[in-house]
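Work through the exercises below with the structure open beside you. Try each task before you read its solution.

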Amino acid sequence: MVSAPIDNQLWCQAFSTSEFIEEIRLASQATDYTDNSNQADYLANYLEDIGARSLLIENRYMDRHFIEEVGTFYSRCLSQKRNYTTRIHAFSRDLDLVQFRGILQDAKAGGREEAERELERDYLGFVVVRPLPSVPIGRTVLRTYASEDRKFYALADYTVHLTGLELKIRGLAFQQQDRGVAACATTAIWSALQRVCRHEGCRVPTPSQITEEAVRHYLSDSRPLPASGLSIVQILDALRAFDFPGDLVYDGSYSAEELAIYVNIYLRSGIPVILALDLPEGGHAVTAVGFAKGKKKSFPPLNSFGAEMLNGGFSKIYVHDDRFGPYCRAELSVVDPQRDPQHLTQQPSRYLAIEIDGRPRGKVRGAISPLYPKLRTTAREMYEAAIEIEPSLSQYIYGDLSVDVFFARSGEYQAELLDHADLDEDVLADFQIQVALSRYIGVTRWYVDGEPLADGLWDTTDRMRRETRAADALLGMIVYERAALPVFNKLRDNTGTLLW
Amino acid sequence: MAEKPKRTESSEKPKKPKRQITIPDDDSFERSVRKGIEHRKETQAQYRPARSEDEILKFICR
């Protein structure tokens, strides 16, 4: 018997929000557009905002993440779902099928790289549409908004294979929760792992694999499938199973300002943060992937800190919220129940509040960051390290002192120094030749009057244990402002650290 | 190997005024170090563990 040929007809379509929504309806096999209009509307508006002008549609796309859901769940349903999806690519240029054929012909004639670069220049990303009318939005990777003030460090590079051409896109995968196999927390974990797994060269688990690991040791109040939700402990369990144990910063353990600062330190370090939220409609989880620089001192540290903590100078974050879409704008603020009539009931103390996409405000109950296993130092310990060093600088160096705290993979940090305009060439060469760093380092980057002053480099492979953080884990300091060397010489004599 | 081009005068940054500092003596620097440690300990003292394990176990994100 000869199998029927497998058809994958590509076609192009001029972009409009209504056309995009209609393509989603058709691809998901929905009979009408009623359910889940939130996500399709959000994506349509987002694509319009980032300049979409055309769509290229692959009718038959095998998506690893969806086919595993089929194997785990849908293959055993009475009503069969097909096992393939539709992938919609978006471009910020006009593109019709004749032009696309021309690009392929040019590639065949020897201009492949040029053809790829030409398409890539205007490529905005893709949306996988599942054949699930009520939850159609599958793996979706789109470009972020282009803006200097918006900081997206927690993204990943994706290579998209399209008709033999390779297109690169930088973003972070999003998908709508499918209540068959995944709760909102599962998709939040999935998005967070997209970044850290890709950054460390591991294969990203699928939603059904995440659900399986999350319920392996602890089943909260229901069956694993259909998915009904995950507790914070289950989120931590799933992250540990994929070798990225989570650092949990729990509301109530720290001040609301400190909680915001820790979220920023991880985002600044390219580590996504899963936020467990108490919303008026119940518990929910989203993944924070970026932030926008905002008013200075939005979240100030303790009064005793004499410098400006740059990690507190933000109020907007960008979250993947499966109720809406990727890169949703959210506002963080500190709410004092004594002063604010809108406070949540039964909440006696100040808390960190979040408002996503203009919806009713909720409370941040916990922030969980998946960490590389040998990154054993936490954002809190780095924050404390900055607090400890500050008086040794602010008392002797005139000007407004500020500090930016983050983690960096040492190779990336060293590469960044090569382009650092304020670093003397001899100092750079000495540093690169002499230094031995852990895979991840903690960095306290000090500024005076907005100019780079020095970087403190901290070992992250151990807990900070001893009387002084500096004597315990400060690997060295790079001094940009050479006039301040006498102060740093004192610090070196006091702590035994290295100095460049 | 080609010689690395030298920076011309015009591409050099304008010279910044020298940053003012006080050169610390041993005693005052030691006091600053102690002050930093005290500030850190004050911060650590404010930490409160989660109110109960149940709060983490029972809070479900759906």
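Two residues are in contact if their C-beta atoms, placed from the backbone, lie within 7 Å. Keep in mind that this is a predicted model.

**Exercise 1. The two chains**

Solution. 
- Step 1. Apply the 7 Å cut-off.
- Step 2. Look at the elements on the side of chain B that touches chain A.
- Step 3. Sort the side of chain B by class.
- Step 4. Check for strand pairing between the chains. Strand S9 (residues 230-231) of chain A pairs with S1(B) in the antiparallel sense, over two bridges. Leu230(A) stands opposite Cys61(B).

**Exercise 2. Two packed helices**

Task: Describe how helix H1 (residues 17-27) and helix H2 (residues 37-49) of chain A pack.

Solution. 
- Step 1. Know what to report. Two packed helices are described by the angle between their axes and the distance between the axes.
- Step 2. H1(A) and H2(A) pack at an angle of about 140°, and their axes are 9 Å apart.
- Step 3. Name the arrangement. That angle makes H1(A) oblique to H2(A), because only angles over 145 degrees count as roughly antiparallel.
- Step 4. The crossing of H1(A) with H2(A) is right-handed.
- Step 5. List the residues. H1(A) uses Thr17(A), Phe20(A), Ile21(A) and Ile24(A). H2(A) uses Ala40(A), Ala44(A), Asn45(A), Leu47(A) and Glu48(A).
- Step 6. Class them. Six residues of this contact are nonpolar, two are polar and one is charged.

**Exercise 3. Domains of chain A**

Task: State how chain A is divided, then describe where domain 1 touches domain 2.

Solution. 
- Step 1. Read the bounds. Chain A has domain 1 (10-149 + 157-173), domain 2 (245-370) and domain 3 (379-499).
- Step 2. The centres of domain 1 and domain 2 of chain A, taken over C-alpha atoms, are separated by 32 Å.
- Step 3. Count the contact. Domain 1 gives 11 residues and domain 2 gives 10 residues.
- Step 4. Find the elements on the domain 1 side. H2 and strand S5 (137-142) of chain A each supply at least two residues. The largest share, five residues, comes from H2(A).
- Step 5. Class the domain 1 side. It has six nonpolar, four polar and one charged residues.

**Exercise 4. Sheets and a hairpin**

Solution. 
- Step 1. Check one pair. Strand S4 (residues 123-129) of chain A joins S5(A) over four bridges. Phe126(A) stands opposite Val141(A).
- Step 2. Move to S19(A), residues 440-448. Ile441(A) stands opposite Asp459(A).
- Step 3. Inspect the turn. This hairpin has two residues between the strands, and Asp449(A) takes a positive phi near 50°.
- Step 4. Continue to S21(A), residues 474-479. Trp458(A) stands opposite Leu474(A).

Terms used. Residues are numbered from 1 along each chain as its sequence is written. Chains are lettered from A and ligands numbered from 1 in the order in which they are written. This is a predicted model: local features need pLDDT of at least 70, side-chain atom pairs count only at pLDDT 80 or more; totals for chains, interfaces and linings use all residues. Axes are lines fitted to C-alpha atoms, for helices over the stretch in contact, and angles run from 0 to 180 degrees between N-to-C directions. Angles under 35 degrees count as roughly parallel, over 145 as roughly antiparallel, 65 to 115 as roughly perpendicular and the rest as oblique. A crossing is left-handed if the near helix is turned anticlockwise from the far one by less than a right angle, and right-handed if clockwise. Ala, Val, Leu, Ile, Met, Phe, Trp, Tyr, Cys and Pro count as nonpolar, Asp, Glu, Lys and Arg as charged, and the others, Gly among them, as polar. Two strands pair if DSSP finds at least two bridges between them. Domain bounds come from an automatic or database domain assignment.
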